[in-house]
Amino acid sequence: MGTERTKPGTGRGGEPGSESTPAPAPPEPDIRTGEPDTRTDAPDAPDAPDAPDPSAGGPETRTAPTPTAPTTSAPPTTLTTRTTPTRLQRLAGVWRRPALRWPKRVASALVLVLLLPPLAAGIALRVNYAGDPGDGTYTRNRDALWMGHAWVDGRKKDADVRALAARLRATGVRDLYVHAGPLEHDGTLPVSAYPGARWLIGAIHRELPGVRVQAWLGDELATEGPVGLRLERAATRAAVVRSAGQVLDAGFDGAHFDLEPLHSGDADYLSLLGDLRRVTRSHGALLSVAAHQIDPLPSLHSVGAAVTGHPKWWSQAFFGQVARRVDQIAVMSYDTALPLQSLYGGYVAQQTSLALEVTPETTGLLMGMPFYYEDNMDHHGSAETVAAAVRGARLGLSRTDRTRENFGVAAYVDFAAREKDWAAYERGWVR
C-alpha cells in the first residue's frame, strides 16, 4: 500500500516498501522510524587563566602608574527624577481601577478553570503510575501483534516466516492481526487484496503451532466527513458481513475489525457486531475489534464531540457493550499526546482498569502498546514507550483484576518495530 501509515485507526495496512530495508521517513502521517534526536550541549569554554597570587612567592608583578590628565573644575550636575510612567506602570494602574473588580474576578476564575483540571489530571496520572505491579502480572500467552499487508500480497517468503517464528517463539504472542484489506467504502472486499493468505496461514500454522492468523479488515467511516464507509446503510453492513465470511472461507482463524472514527454509542456498529459474530461462530472462528480509548473523565467524549466534532473516547458503558459482542477487544492505548513517560504509563494503567471493569471474563482484553516511533502533537515517542505501556498495563491489572487470565498486550506494528521495542516487551512483560 505504498508508504501509507497503517494505524489501527486508519484500517489500512501498507508499510514502507521492503521491511528489511527501512525507507526514509515520509512526511506525515507516515510512520517515521528511527531514534529520537540526540542533542549534546556545546563544550564548555576554557577557563580564563588565574591571576598571579602575590602570596605564592616569586617575582611580584608591578604595573606602571597611569598618567592622568589635568582636571578642571566643573559645575555640579543636577540629577532629575523621571516622572513619565512606564508602560508596565500604566497597565498596573489600569488593573487597579475599581471598575475592573468584577472583570478581574471573572478572568481569574477562567484561568483557574483552564489550568486546574489539566494540572489535577496530570497529578492523578503521575500518582497512578506510582507503586509496584503485583506478583504474577506477566504474560498469559494471549498477546497479539498487528502485521502489515506485505505478508499476504506476495512480498514475504518462507524465510520471512521462519524469521518471524524465531522472534515469536519465546514471547506470549498467540494472535496475529494480518492486514488483508482495506474494505471498499461499500463494505466489499476484493479477493485480489490478499492473494498470499493461504500460503501465510499454512506457513504460520506449521512454524508456530497454536498461533492464530486473523484477517485485519477496516476502513475510514464517514462519521466526520463526506467520504467513507456508512454503517447506517443496511446494504453496507450486509456487505461487511459477507466480506468477513469471505476471509474465513480463505482459511483465516478470525476476522479483526478496525473501523474509525467510530463514535461512542453507535447503534449501527453494535448491530453489525451481532451479525458478524453469527458468521464467525458458524465458521468456528474469532471476532475481534480494535477499540477506542475510554473516557478518562465521565462524559469526556461528549465534550470532545461538542467542541471539536471529533470525540476521541468511548464511554465506559459503550466499551462494555462492544466487549460483550466480541471474542477479543484490543484497546488502541497510544497516540495520547501526553509528554512524559510517567503520565503515559499512568494513563495506560487507568485505561486498563476502566476496560477490565466492563469486559466479561470470557472476552479477551488486550492493551495496545506502540511498536513504532513518532514525534508529533498526537504521539511523543520519548513518552509513549513500550516500557511505560507494559508497566501501566501491569499496574492496572494488579489493582483491578490481578488473576484475570484472558488478558494480554497487543503490539502495533510489526514493520515499524525496533529491536529495543521487542527487548522492552520481553523484559517487562514476558520475563
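**Exercise 1. Find the handedness of the crossing of helix 5 and helix 6, and describe how the two helices pack.**

Step 1. Start with the handedness. The crossing of helix 5 and helix 6 is right-handed. A crossing is right-handed if the near helix is turned clockwise from the far one by less than a right angle, and left-handed if anticlockwise.

Step 2. Place the helices. Helix 5 covers residues 234–249 and helix 6 covers residues 267–282. Helices here are DSSP runs of H or I with at least four residues, strands are runs of E with at least two, and both are numbered from the N terminus.

Step 3. Two packed helices are described by the angle between their axes and the distance between the axes. For helix 5 and helix 6 the angle is about 30°, and the axes lie 10 Å apart. Axes are lines fitted to C-alpha atoms, for helices over the stretch in contact, and angles run from 0 to 180 degrees between N-to-C directions.

Step 4. Name the arrangement. The angle makes helix 5 roughly parallel to helix 6. The classes are: under 35 degrees roughly parallel, over 145 roughly antiparallel, 65 to 115 roughly perpendicular, the rest oblique.

Step 5. List contacts (heavy atoms within 4.5 Å). Helix 5 contributes Arg-237, Val-240, Val-241, Ala-244, Gly-245 and Leu-248.

A note on the model. It is predicted, local features need pLDDT of at least 70, side-chain atom pairs count only at pLDDT 80 or more, and totals for chains, interfaces and linings use all residues. Residues are numbered from 1 along each chain as its sequence is written, and side-chain values use heavy atoms, with hydrogens and water left out.

**Exercise 2. Describe the packing of helix 10 and helix 11.**

Step 1. Helix 10 spans residues 386–400 and helix 11 spans residues 419–430. Their axes come within 8 Å and cross at roughly 25°.

Step 2. That angle makes helix 10 roughly parallel to helix 11. The crossing is right-handed.

Step 3. On the helix 10 side, Val-386, Ala-387, Val-390, Arg-394 and Leu-397 take part. They meet Asp-421, Ala-424, Tyr-425, Gly-428 and Trp-429 of helix 11.

**Exercise 3. In which order do the eight strands close into a barrel?**

Step 1. The order is 1-2-3-4-5-6-7-8, with parallel pairing. Two strands pair if DSSP finds at least two bridges between them.

Step 2. Neighbouring strands of this sheet are turned by 25° against each other on average, direction ignored.

Step 3. Strand 1 (residues 143–147) is joined to strand 2 by five bridges. Trp-146 stands opposite Tyr-177 in strand 2. Tyr-177 also has Gln-214 as its bridge partner in strand 3.

Step 4. Strand 2 (residues 173–179) and strand 3 pair over five bridges. Here His-179 stands opposite Trp-216.

Step 5. Seven bridges join strand 3 to strand 4 (residues 254–260). Leu-217 has Phe-257 as its partner in strand 4.

Step 6. Ala-291 stands opposite Val-331 in strand 6.

**Exercise 4. Why is strand 3 largely enclosed by the rest of the structure?**

Step 1. Count the buried residues (under 20% relative accessible area; over 50% is exposed, in between is partly exposed; 1.4 Å probe, protein chains only). Strand 3 (residues 212–220) has seven of nine buried, so the rest of the structure largely encloses it.

Step 2. Repeat for strand 2. Six of its seven residues are buried, so strand 2 is largely enclosed too.

Step 3. Look at the chain. It has 431 residues, and 46% of them count as buried.

**Exercise 5. Where does Leu-338 sit, and which residues does Leu-338 touch?**

Step 1. Leu-338 is in the loop between strand 6 (328–331) and helix 9 (341–358).

Step 2. Its relative accessibility is 16%, so Leu-338 counts as buried.

Step 3. Leave out residues up to four places away in sequence. Leu-338 then touches Leu-125, Leu-343, Tyr-344, Tyr-347, His-380, Ala-383 and Glu-384.

Step 4. Take one of these, Glu-384. Leu-338 and Glu-384 are 46 residues apart along the chain, yet their C-alpha atoms are separated by 7.7 Å.
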